[in-house]
Amino acid sequence: MTGIDYAAIRQRIAIRRVLELIEYQPTVIRGDQWRGLCPFALHDSARDRDRCFSVNLARNVFRCFRCQRSGNQLDLWTAVTAQPLYPASIDLCQRAGIEVPSVSQSRNSKTGNF
């Protein structure tokens, strides 16, 4: 099992792409700020979920003001797919069509060694 460079994944896959993959539809869009229903379906009714979920596309972060979940694009993917971080990262890379960056690849590319 090789180490995954999670920072490289966050650089290559924006939160907007994750939202597209989960087919998220915001109810309010104001520039880089999206609001809408919580995709985690942890709330009692749609009314309780309405516009409680907020995403800042420029900062690649999300927050639900009802269930208190928050984080970056990897956190969102792991929560929606109910997978641990390692397999969720591999799954996300595959679905986004990028090679899974390993820690050794990232170190070599920074030093110029391949």
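Start by selecting asparagine 72, which sits in the loop between β5 (70-71) and α4. Keep in mind that you're looking at a predicted model. Is asparagine 72 buried or exposed? Its relative accessibility is 19%, so it counts as buried, the cut-off being under 20%. Now show what surrounds it: beyond its neighbours within four places in sequence, asparagine 72 touches Arg10, Ile15, Asn60 and Phe62. Then look at leucine 74, whose backbone nitrogen is 2.8 Å from a polar atom of the asparagine 72 side chain.

Leucine 74 takes you to the next stop. Select helix α4 (residues 73-81) together with helix α5 (residues 85-96): they pack at about 100°, with axes 9 Å apart. That angle makes α4 roughly perpendicular to α5. To see the contact, show Leu74, Trp77, Thr78 and Thr81 on α4, then Leu85, Ala88, Ser89, Asp91, Leu92 and Arg95 on α5. Colour them by type and you'll get 5 nonpolar, 3 polar and 2 charged residues.

Next, the strands. Select β1 (residues 28-30) and β2, which pair antiparallel over 3 bridges. Arginine 30 is opposite glutamine 33 of β2. Between the two strands, the hairpin has 2 residues, and glycine 31 adopts a positive phi near 65°.

Terms used. Residues numbered from 1 in each chain as written. Predicted model: local features only at pLDDT ≥ 70, side-chain atom pairs only at ≥ 80, totals over all residues. Heavy atoms only, no water. Axes fitted to C-alpha atoms, helices over the stretch in contact; angles between N-to-C directions. Helix = DSSP H or I, 4+ residues; strand = E, 2+ residues; numbered from the N terminus. Parallel < 35°, antiparallel > 145°, perpendicular 65-115°, else oblique. Contact = heavy atoms within 4.5 Å. Nonpolar A, V, L, I, M, F, W, Y, C, P; charged D, E, K, R; others polar. Buried < 20%, exposed > 50% of the residue type's maximum accessible area, 1.4 Å probe, protein only. Polar contact = N/O pair within 3.5 Å; in protein donor to acceptor, adjacent residues only side chain to side chain. Pairing = 2+ DSSP bridges.
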